[in-house]
Amino acid sequence: MQCAALCGAAASGNRKHAMDVSAYDLLSTAVLLLDAEGRIDYANTAAEELFGGSRRMLLGQLALPLLGGDDALRAHFAEALAGRLGVLKHSLTVDRNGVNLPVHLTLVPLPFGQAWSALIEVRVSEQHLLLERHQQLGKDLAAQREVLRNLAHEVKNPLGGIRGAAQLLDSELENPALREYTEVIIAEADRLAHLVDRLSAPQGGSLHKQSFNIHELCERVRTLVSAEFKGIDMRRDYDASLPELSGDFSRLLQALLNIARNAAQALTEHGGDDRGGADPLLLLKTRVARQVLLAQHQARMAVIVSVIDNGPGVPPELADRLFHPLVTGRPSGTGLGLSLAQEFVQQHGGVLEWESRPGHSEFRMILPMEQP
Ligand SMILES: Nc1ncnc2c1ncn2[C@@H]1O[C@H](COP(=O)(O)OP(=O)(O)OP(=O)(O)O)[C@@H](O)[C@H]1O
Ligand SMILES: [Mg+2]
């Protein structure tokens, strides 16, 4: 373990001591060094954050009560500290600002004669971090959409005025050469109006839920995309045993269509350099997953619909904000497709995930079978 290696080095000489212990502050996992009684002798910055206290407050405290360990940890803690159990690994929850946080703890006893008796590393569960990320993304997107809807609302009226005035002017112009300019104004106003309409369209409201087979939805998307884009090898890999899903068919159709159209656009708007000469391929895949942690809860069972393409991949500079509205990598894109898709999927208690590299992009729509 990285921490144990650092600790061994830290304890081996006084000159190195200060330097190496400060290196723990670079770690994102919490590290505590304990004396023989199990009191905290050192806590790194991540530990301060995790336990919500300053280093000075943590020093001298008994580690076990701070960890709020369960009976199993209490039973083994002293033994582990004395080095009789080897490395102790344990999963538990710690209280962070009143919230129970699932963590994994590793206690490494340090050889006798070193400055400390044990090192404890506390890692917040990956799944929990993912959950926090999903929740934060949901909040960020909702706030951004609200701002954009307000902005769209403000733009709508003057835009109507501009178009109307240009039309009037157009009808009054006698020189046809000047009409070219009014036509540009009208066409651009229409383009903007289309964007404004998409931005301000009410996406909230109650879901019209019905029970349907997810493959019915996939097949609709396949037909629509094949009709719009030619020359793509559209394949499917469906898990026929999937049970029926309850949800708003038209919103989920829109979500999956947005994702599949992106894939088709990526395949047709670029050359095939990243495919190494292979034909453009779009795969629709369905699977079932169990015990999936989603933005709002843990689902016992979820349906995963994947859209996979062998196109050039998502431009790396978009990766951090791909689901944010108005983020686009295409000259003619509005950057609303994925933001809307994420919103619709989240309304069903699900989440959209993706991974991408040149030659392989995969967007997964994860929908819980029982929704909140
Ligand atoms: N499968 C994919 N392969 C490569 N890039 C992708 C893929 N899916 C999405 N992207 C990138 O993500 C960007 C954002 O997609 P999004 O659907 O939100 O907006 P858009 O397609 O640009 O515009 P709109 O969907 O509103 O017409 C795209 O412009 C594209 O650069
Ligand atoms: Mg799109």
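1. Which residue has a polar side-chain atom 2.9 Å from a nitrogen atom of ligand 1? That residue is Asp309; a polar contact is a pair of N or O atoms within 3.5 Å. The model is predicted: local features need pLDDT of at least 70, side-chain atom pairs count only at pLDDT 80 or more, and totals for chains, interfaces and linings use all residues. Residues are numbered from 1 along each chain as written, ligands are numbered from 1 in written order, and side-chain values use heavy atoms without hydrogens and water.

2. Oxygen atoms of ligand 1 also lie by the backbone: a polar backbone atom of Gly335 is 3.0 Å from one oxygen atom, and a polar backbone atom of Leu338 is 2.9 Å from an oxygen atom. The protein buries 93% of the 600 Å² that ligand 1 exposes when taken alone (Shrake-Rupley method, 1.4 Å probe).

3. Around ligand 1 there are 22 residues (a heavy atom within 4 Å). Those that come nearest are Asn262, Thr328, Gly329, Thr334 and Leu336.

4. Asn262 of α10 and Leu338 of α11 are among the residues that make the contact between these helices (heavy atoms within 4.5 Å). By class, this contact has 8 nonpolar, 5 polar and 1 charged residues.

How values were computed: Helix = DSSP H or I, 4+ residues; strand = E, 2+ residues; numbered from the N terminus. Nonpolar A, V, L, I, M, F, W, Y, C, P; charged D, E, K, R; others polar. Polar contact = N/O pair within 3.5 Å; in protein donor to acceptor, adjacent residues only side chain to side chain.
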